[in-house]
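Here is a short report on the packing and backbone of one protein model. Please look over the sequence and the coordinates before reading on.

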Amino acid sequence: MLSNRRIPAAAAALAAAIPLALAGCSGGADPAAEPSGPVTLTWWHNGTTDPLKSIWAQVVADYQKAHPEVTIKGQPLQNEEFTTKVPLALQSNEPPDVYQSWGGGELASQATSGKVADLTDAAKDWLSSVGKLAESWQVDGKQYGIPWEQHFVGFWYRKDLFAQAGVTAPPSTLDEFNTAVAKLKQAGITPIAVGGKDRWPDAFYWNYFALRACSADILKQSVKAVKLEDPCWTKAGRDLQAFLATQPFQPGFTGTPAQQGAGSSAGLVANGKAAMELQGDWEPGTMSSLTEDKDLDSKVGWFPFPSVPGGQGDPAAVLGGGDGFSCTTRAAKACADFLRYLGSEPVQNQLAAKGAGLPMTASAAKSLKTESLKTVFDYGQKAPYVQMYFDKAFPTAVGAALNDAVANFFAGQGTPEGIVEAVNKAAAGDK
C-alpha cells in the first residue's frame with residue numbers, strides 16, 4: 001500500500017471532530033457470502049470530467065490487467081446525486097459495490113442500512129499506512145470506508161483580475177477582504193462566484209464563519225453532541241449576514257450551479273467572469289474542463305479564508321475533509337483490495353501530477369502540478385485544526401437541514417438564529 005505516509009496533526013483533529021459512535025449499526029461482509037470466481041464491481045464515483053474521469057479510466061484498466069478475475073464498471077455521478085441516490089440504493093437489493101463516501105456522520109447514517117461493509121478485517125494489513133484520516137470513515141471503531149485523497153477549502157482567485165482592480169495582495173483579514181471586494185466592484189468585476197443552486201457552496205461560508213467564531217473545543221463538542229448551543233454559532237450567522245450585505249456575488253447566484261458548464265460558478269472564474277470562488281483544492285481540475293484557456297493555471301492563485309474579528313476560533317483553522325469510498329457487503333473482499341490499490345503510490349502520484357486533488361502522501365505531493373496546489377497542501381499540513389464540512393460531519397438529515405437553512409439565508413430568508421434552530425430541530429428529529 002502506501003509507504004512513508006505523513007498525516008498532519010490537523011488530520012487527527014479532523015477525525016476528533018466527527019461523531020464516530022452510532023448505536024445499532026450492523027454491517028460487514030460475510031466471508032461465506034463472498035462470490036467465488038470472477039467478480040464484477042459496480043463503482044459509483046464523482047469523476048464526471050477530466051482530469052479525474054481519465055484517471056479513473058486508467059486506474060480501472062491497470063487494475064483489471066493485474067487482476068483479470070475482476071471487472072469494474074464505473075458509473076460517474078455528480079456530487080449532488082450521491083445525497084439522494086446512495087440512501088435509496090442502500091434500501092434496494094442491488095446497491096453499488098463501491099461508492100463515493102465522505103465519511104463522518106453521513107457514513108454513520110448509511111451504515112444503519114446493514115449493507116455497508118465493515119472493512120476492518122479486510123484492510124487490517126495495510127490500513128495503518130493510511131494514517132489518522134482513516135478514522136473519519138469509522139463508525140463505532142469499525143472501518144466502513146477508506147479515504148484516497150484529502151481536501152482543504154479556501155479562495156481560488158484570478159491574479160489578473162485582482163491586478164486589474166488594484167488589489168495588490170491576497171487579503172488576510174475580513175476588513176482587507178471587504179476592501180478587495182469593493183475595489184473589484186468599482187472596476188466592474190464580479191468579486192465572487194458562488195454556486196447557490198447546489199446549496200453546499202453557500203454552506204462553506206457559514207462553515208468558515210463558524211470556524212472563526214467558535215473554539216476548536218466547542219466545534220468538537222457540538223459535532224459530537226449534534227447540538228449547537230454556544231453563542232458563537234449565532235455569531236457565525238451574524239458575521240455571514242454582514243458579509244452578504246456587501247453583495248459580493250454574481251447576479252442570479254441562487255440559480256447558478258457550482259460545477260456544471262461554463263456558466264457555473266467554477267466556469268465563471270475559469271473564464272474570467274468573476275475574480276474568485278471559495279472552493280476546495282479540486283477547483284483547478286474542475287475549472288480546466290470548463291474553459292479553453294490553456295494558461296489558466298498561471299493566472300490562478302489561492303489564499304486561506306481571512307481572519308474574522310471577535311471570535312474564539314484559531315484564524316489558521318481550515319475547513320476540509322477527504323474523498324473516500326465505501327463498499328457494500330456483496331463483494332467486500334474484492335472491493336477492499338481495489339481501495340488498497342487506489343491508495344498506492346503510483347495512483348497517488350498520478351492524482352497529484354494531473355491536478356485531481358491533494359494526495360494522501362507527502363512523497364506524492366511532490367508531484368503536484370502547480371505551486372498553488374503545493375501551497376494548499378502545505379497549509380493544510382500545518383493547520384492547527386481541520387474541521388470536516390459540517391454537512392458531512394453531521395448525520396445526513398442534519399447536514400441537509402443545515403445546507404437548506406444557509407441556502408435560504410443566502411436567498412434573503414431566515415435569520416442567524418434560524419440556522420442554529422434548523423440544525424437543532426433536525427438533530428432532535430434524527431434521534
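Is Asp140 buried, partly exposed or exposed? The model is a predicted one, and in it Asp140 has a relative accessible area of 41%. Buried would need under 20% and exposed over 50%, so Asp140 counts as partly exposed.

Asp140 sits in the loop between strand 4 (138–139) and strand 5 (142–143).

Gln247 is another non-glycine residue with a positive phi, here about 50°. Its loop runs between helix 9 (231–244) and helix 10 (265–270). Gln247 has 59% relative accessibility, so it counts as exposed.

A further point concerns a peptide bond. Asp50 and Pro51 are joined in cis, with omega at about 15°. Pro51 belongs to the loop between strand 1 (39–45) and helix 2.

**Nonpolar cores**

In soluble globular proteins, nonpolar side chains tend to be buried together. In this model, the largest nonpolar core holds 89 residues. Tyr205, Trp206, Trp233, Met276 and Phe390 have the most contacts inside it. Helix 7 (residues 200–213) is the top contributor to this core, giving nine residues.

What does Phe390 touch, leaving aside residues up to four places away in sequence? Its partners are Trp206, Asn207, Ala210, Leu211, Leu219, Val223, Trp233 and Leu402.

A second core is separate and has 52 residues. Leu41, Trp56, Val60 and Cys327 are among them.

**Helix pairs**

Two packed helices are described by the angle between their axes and the distance between the axes. The table gives both values for two pairs.

| Pair | Angle | Axis distance |
|---|---|---|
| Helix 2 (residues 52–66) and helix 14 (residues 345–353) | about 160° | 10 Å |
| Helix 7 and helix 18 (residues 396–410) | roughly 90° | within 8 Å |

Why do helix 2 and helix 14 count as roughly antiparallel? Angles over 145 degrees fall in that class, and this pair packs at about 160°. Helix 2 and helix 14 are therefore roughly antiparallel to each other. Their crossing is right-handed. On the helix 2 side, the contact is formed by Leu52, Ile55, Trp56, Gln58 and Val59. Helix 14 supplies Val347, Gln350 and Leu351. By type, the residues of this contact are six nonpolar, two polar and no charged.

Helix 7 and helix 18 have another geometry. The class from 65 to 115 degrees is roughly perpendicular. Helix 7 and helix 18 therefore fall in it. Helix 7 brings Trp200, Asp202, Ala203, Tyr205, Trp206 and Asn207 to the contact. Helix 18 brings Leu402, Asn403, Val406, Ala407 and Phe410. These residues divide into eight nonpolar, two polar and one charged. Trp206, Asn207 and Leu402 are also touched by Phe390.

**A buried alanine**

Where is Ala108 placed? Ala108 lies in helix 4 (residues 104–111). Its relative accessibility is 6%, so Ala108 counts as buried. Ala108 and Val226 are separated by 118 residues in sequence. In space, their C-alpha atoms are 13 Å apart.

How values were computed: Residues are numbered from 1 along each chain as its sequence is written. This is a predicted model: local features need pLDDT of at least 70, side-chain atom pairs count only at pLDDT 80 or more; totals for chains, interfaces and linings use all residues. Side-chain values use heavy atoms; hydrogens and water are left out. A nonpolar core is a set of buried Ala, Val, Leu, Ile, Met, Phe, Trp, Tyr and Cys residues joined through side-chain atoms within 4.5 Å. Buried means under 20% relative accessible area, exposed over 50%, partly exposed in between (1.4 Å probe, protein chains only). Helices (H or I, at least four residues) and strands (E, at least two) are DSSP runs, numbered from the N terminus. Contact means heavy atoms within 4.5 Å. Axes are lines fitted to C-alpha atoms, for helices over the stretch in contact, and angles run from 0 to 180 degrees between N-to-C directions. Angles under 35 degrees count as roughly parallel, over 145 as roughly antiparallel, 65 to 115 as roughly perpendicular and the rest as oblique. A crossing is left-handed if the near helix is turned anticlockwise from the far one by less than a right angle, and right-handed if clockwise. Ala, Val, Leu, Ile, Met, Phe, Trp, Tyr, Cys and Pro count as nonpolar, Asp, Glu, Lys and Arg as charged, and the others, Gly among them, as polar.
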